[in-house]
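I set out to look up ring contacts, charged pairs and backbone exceptions in one structure. The entries below follow the order in which I took them up.

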Amino acid sequence: MAQFKHLNELNTFLTMDGENAKGPVPRWQRKLNLSGASTSFNSSALANTSARQTLSVSMTGNANNTLQLSTTVNSLKTPRKNGGKGTASSASKKSSQTPSKGPTASSNTNGNAQNQPGGGDRFIPSRTATDFDLGHYIVKQGTASNEDGDGGANVENEEGAVGGSSTSNIPVSPKQSERMKSLSEAMRGCDISKQRLLAFRTKVPAPPEGHVNPLKAIYSVKTPMSAKSGSRYIPNAPERILDAPEIMNDYYLNLMDWSTDNVIAVALGASVYLWNAATGTIEMLFENEGNDHACSLSWIHEGHILAVGTSAGTVELWDCENMKRLRVMNGHSARVGVLAWNSYVLCSGSRDGTIVNHDVRTRQHNIGVLQGHTQEVCGLKWSPDGKYLASGGNDNLVHVWSAAHGAPHATGEPLHVFNQHQAAIRALAWCPWQPNVLASGGGTADRTIKFWNVANGQLMNSVDTKSQVCGLLFSKTYKELISAHGYVNNQLSIWKYPSMMKQVDLMGHTGRVLQIAMSPDGSTVMSAGADETLRLWNCFAPDPLLAKKEKSAVREKPSLLKQSLR
């Protein structure tokens, strides 16, 4: 009895009453302080009640007869096992040291409550996001490992996961341990060492299958910047449609051209017509007699002289301002299907496989013959700097000829011969900003656009267009390329250069597109189709916002007179 009386007296003596200033203020007391509705008496009473701590004493049966003291405080931290004297001193302190195994869940909760700006003092687990089967498995593994006495090898980590899967004292090889871990992951479908017992927030549910977010194009960060900045509005309908009756449906002929004076020449049957794009007036230049007809048309770069290649193998020069023929030049034994100007030199390609250079200033106009093609020449283009002449033929070859010693005509053997095409090459175009880059398009059996570097003779790129390539033009306003096609869709396609990403397909022709020509300002393209129509496409119109910025960037020079006046 004396022993119990001693314990009661000691318990009464160690009961601590008074305010605890070091502990965190409870949430409900904080609300009362903020509301200001409680009286000073109630506040002090509540504070005294909340700060009260109780010390329980129990007698252990060890050899030293040491008293084990445990305090129940707000932090719920358990003191270490010490002597009676040390225990009393540690119990008088508010914040005791944590056990050696690490912080408990309650201490972490209170610490987080102090750091939360909203004043929350606990986490609420989400039942929908918690895997109870997996949690039960982890707890069982941890319990089994503790019972077997692994020496702390398989201890739960901070997230409640088990560090190992061994449940016996028998040493396990690393290979077997890895195999057991793999089997566990295969059974559970995840790595259990990274899983938590409780989930405190739910993940966003996945959208239903087939759902398309309409705002993805606006807010997606995966959209490449080139696609965002490179997109522009391109009208997909023709601005104007003209009738072209009796236009010849022949892949090897070039029956339309657009002059620098904004006049379009087109051959319809046995006649050649002129259409002024500015005024809309139409005039007939001439009409052939018999079975003769025009096979090719080409305007001189500056002026109103039109060159006409005929089915008789002659080349005629016409003054379209005075509506009269100036001269007739011979040199071919078959029809002349293609013409190309370079200053005062006119090159003509014929079905006989030859290319003749004509100096239109002199009486002896024939200044050179280029022989390289074995079949009809159907494509001719001079480079913008006048250094190279490209020719395409029905023999599936592209020849590049070099100008002779700076003269505006080509002589000798071809500089390069490209034989990678599988069909006739009629579509040729030189890049305006890269004078050494040549684009060529093949016919039905080829269907590709190839880019060549004539400086070293290398193939730079090849793009399969899935249809016959009838014409190619580089834009003067944008770094883009337009191509005319035949069967199946008879479309015009606009490509980004050099990526060759297709921008848009311009549909409308019901027959293959025979030829395309560009306006002097580079904003409009005219296409001549086998459906006997001419269509105007305003596909390269300059951006008005960009033009406004460029205009505002050019500032007027300040006047010296204004500067002198004060």
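**Entry 1. Charges over rings.** I began with R361, which lies over the face of Y344 at 3.4 Å from the ring centre. I count a charge as over a ring if NZ of Lys or CZ of Arg is within 6 Å of the ring centre and within 35 degrees of the ring normal. I found a further case at Y251, where the charged end of R426 sits over the ring, 5.8 Å from its centre. The model is a predicted one, in which local features need pLDDT of at least 70 and side-chain atom pairs count only at pLDDT 80 or more, while totals for chains, interfaces and linings use all residues. Residues are numbered from 1 along each chain as its sequence is written, and side-chain values use heavy atoms, with hydrogens and water left out.

**Entry 2. R361 again.** I looked up the charged partner of R361 and found D359, in a salt bridge whose closest N and O atoms are 3.2 Å apart. The term requires a side-chain nitrogen of Lys or Arg within 4 Å of a carboxyl oxygen of Asp or Glu. D359 is buried at 7% relative accessible area, whereas R361 is exposed at 55%. For these labels, buried means under 20% relative accessible area, exposed over 50%, and partly exposed in between, with a 1.4 Å probe and protein chains only.

**Entry 3. Other salt bridges.** How many salt bridges does a search of the whole structure find? The search returns 9. I noted the one between R232 and E480, with closest N and O atoms 2.6 Å apart. R232 lies in the loop between helix 9 (225–230) and strand 3, and E480 in strand 25 (residues 480–485), so the pair ties together parts that are 248 residues apart in sequence. Helices (H or I, at least four residues) and strands (E, at least two) are DSSP runs, numbered from the N terminus. R232 is partly exposed at 23%; E480 is buried at 0%.

I then recorded E376 and R335, whose side chains meet in a salt bridge of 3.1 Å, N to O. E376 is in the loop between strand 15 (366–371) and strand 16 (377–382) and R335 in the loop between strand 11 (324–329) and strand 12 (336–342), so this pair ties together parts 41 residues apart in sequence. Both E376 and R335 are buried. Through shared partners, salt bridges join D250, R335, R351 and E376 into one network.

**Entry 4. D250.** Is D250 buried or exposed? D250 is buried, with a relative accessible area of 18%. Neighbours within four places in sequence aside, D250 is in contact (heavy atoms within 4.5 Å) with R335, R512 and L514. C295 is 45 residues from D250 in sequence and 9.4 Å from it in space, C-alpha to C-alpha. A polar atom of the D250 side chain lies 3.1 Å from the backbone nitrogen of Y252.

**Entry 5. Aromatic pairs.** My search of the whole structure finds 8 aromatic pairs. Y251 and Y252 form one that is edge-to-face, at 5.5 Å centre to centre and 85° between the planes. Rings of Phe, Tyr and Trp (its six-membered ring) pair if their centres lie within 6.5 Å; planes under 30 degrees apart count as stacked, over 60 as edge-to-face and the rest as tilted. Y251 is buried at 7%, and Y252 partly exposed at 22%. I also noted one aromatic cluster formed by W433, F451, F474 and Y497.

**Entry 6. Backbone.** P498 is in the loop between strand 26 (492–496) and strand 27 (502–506). I then turned to phi. Most residues other than glycine have a negative phi, and most peptide bonds are trans. S343 has a positive phi of about 60° although it is not a glycine; S343 lies in the loop between strand 12 and strand 13 (345–350) and is partly exposed at 41%. R447 has a positive phi near 65° and sits in the loop between strand 21 (437–442) and strand 22 (448–453). R447 is partly exposed at 33%.

Notes:
Polar contact = N/O pair within 3.5 Å; in protein donor to acceptor, adjacent residues only side chain to side chain.
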